[in-house]
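Hi,

Here is the structure I promised to pass on.

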Amino acid sequence: RFRLGTRFIQVRRQQKKCSYCHEGKRKNCLQAWFNRMKTEQFITAFHHEDLEPNIELENHCKEKNLEDVKEHNTSFFEENQEQLAKLFIPVVKDFWKEVGIMHGYTSFRLKHLWIQQYNPGHSHRLHIHSPLKNEWSFVYYVDCNEDSANTVFYNFGYPYVDHHHFKIKPKKGRCVLFPGALPHEAEPNVENSRLVVSGNMAFDK
């Protein structure tokens, strides 16, 4: 389930039917997902998958009046993001469910989400979201082009213990799901189409 304000919506793994497996055979279904999903391994793992772009979600993000916080433009400080959640969750829920299964979880809760838009010279400095094991974060690329800035992930302990990093190239419809404690940043941007939905979620057992 996920919660925004006082509203709850339950999202749980389906046990019998799956749109990707007509016979309902869980093993074959999971194998199909694993074949599509990309997993990058540091001390921990994070995952990314190219999902079908959603035009309604894209239009909603582009029509929002975002706040200029110098590094980028964002809806982070808005209290009501209910409509964004309604459009976003159907796009990513199957991917998130399968990641949860891989890590021993049965359900997830959306905690917070927001829109960020990047103009030339914009970036997002190195940061983490949450130190809790079951709390993960995400980046979904709503719009971008070949020149859009990469998202760079660093190993736990950076820069004191480890300097290994991995760059994710933006692609429209691509979603990255990663532990909230994983250090990451958006490199300096050189164009004006980079538009993402970011946020935090929690897995439950």
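Below is what I found in it, starting with the whole chain and then moving to some details.

A word on the ground rules. This is a predicted model, so to speak of local features I needed a pLDDT of at least 70, and side-chain atom pairs count only at pLDDT 80 or more, while totals for chains, interfaces and linings use all residues. Residues are numbered from 1 along each chain as its sequence is written, and side-chain values use heavy atoms, with hydrogens and water left out.

**The whole chain**

The chain has three helices and 14 strands. Helices (H or I, at least four residues) and strands (E, at least two) are DSSP runs, numbered from the N terminus. Of the 205 residues, 49% are buried; buried means under 20% relative accessible area, exposed over 50%, and partly exposed in between (1.4 Å probe, protein chains only). The accessible surface comes to about 11,000 Å², and carbon and sulfur atoms hold 48% of that. Those areas come from the Shrake-Rupley method with a 1.4 Å probe, and for residues only the protein chains shown count as cover. Among contacts with a separation of 6 or more, 81% are between residues 24 or more positions apart, where contact means heavy atoms within 4.5 Å.

**The cores**

In soluble globular proteins, nonpolar side chains tend to be buried together. A nonpolar core here is a set of buried Ala, Val, Leu, Ile, Met, Phe, Trp, Tyr and Cys residues joined through side-chain atoms within 4.5 Å. The largest one has 29 residues, and the members touching the most others are Phe 88, Trp 96, Phe 138, Tyr 140, Leu 177 and Val 197. At least two residues of this core come from each of α2, α3, β7, β9, β12 and β14, with α3 giving the most, ten residues. There is also a second, separate core of twelve residues, including Phe 42, Val 176, Ala 186 and Val 196.

**Helix α2**

Which residues of α2 are buried? In this helix (residues 55–63), they are Leu 57, Glu 58, His 60 and Cys 61. Looking down the axis of α2, the buried residues fall within an arc of 160°, so they line one face of the helix; the arc is that of the directions from the helix axis to the C-beta atoms. They pack against α3 (82–102), β7 (107–118), β9 (135–143) and β14 (194–204). On the face turned away from the buried side you will find the exposed residues Ile 55, Glu 56 and Glu 63. At the N-terminal end, Asn 54 caps α2, with a side-chain oxygen 3.1 Å from the backbone nitrogen of Glu 56.

**Salt bridges**

Side chains of opposite charge can pair when their charged atoms come close. I counted a salt bridge wherever a side-chain nitrogen of Lys or Arg is within 4 Å of a carboxyl oxygen of Asp or Glu, and that gives ten of them.

- Lys 62 and Glu 58 form one at 2.7 Å, N to O. They are four residues apart in α2, which means that about one helical turn separates them. Lys 62 is partly exposed at 46% relative accessible area, whereas Glu 58 is buried at 7%.
- Glu 58 also meets Lys 172, at 3.0 Å, N to O. This pair links distant parts of the chain, 114 residues apart: Glu 58 is in α2, and Lys 172 is in the loop between β11 (165–168) and β12. Lys 172 is partly exposed, at 34% relative accessibility.
- Lys 111 pairs with Glu 135, their closest N and O atoms being 2.6 Å apart. Lys 111 is in strand β7 and Glu 135 in strand β9, 24 residues apart.

Glu 58, Lys 62, Asp 143 and Lys 172 are linked in a network of salt bridges.

**Arg 174**

Is Arg 174 buried or exposed? This residue of strand β12 (residues 174–179) counts as buried, at 15% relative accessibility. Its side chain makes a polar contact with the side chain of Asp 50 at 2.6 Å. A polar contact is a pair of N or O atoms within 3.5 Å; within protein, one must be able to donate a hydrogen and the other to accept it, and residues adjacent in sequence count only if both atoms are side-chain atoms. A polar atom of the Arg 174 side chain also lies 2.6 Å from the backbone oxygen of Lys 169.

Over to you!
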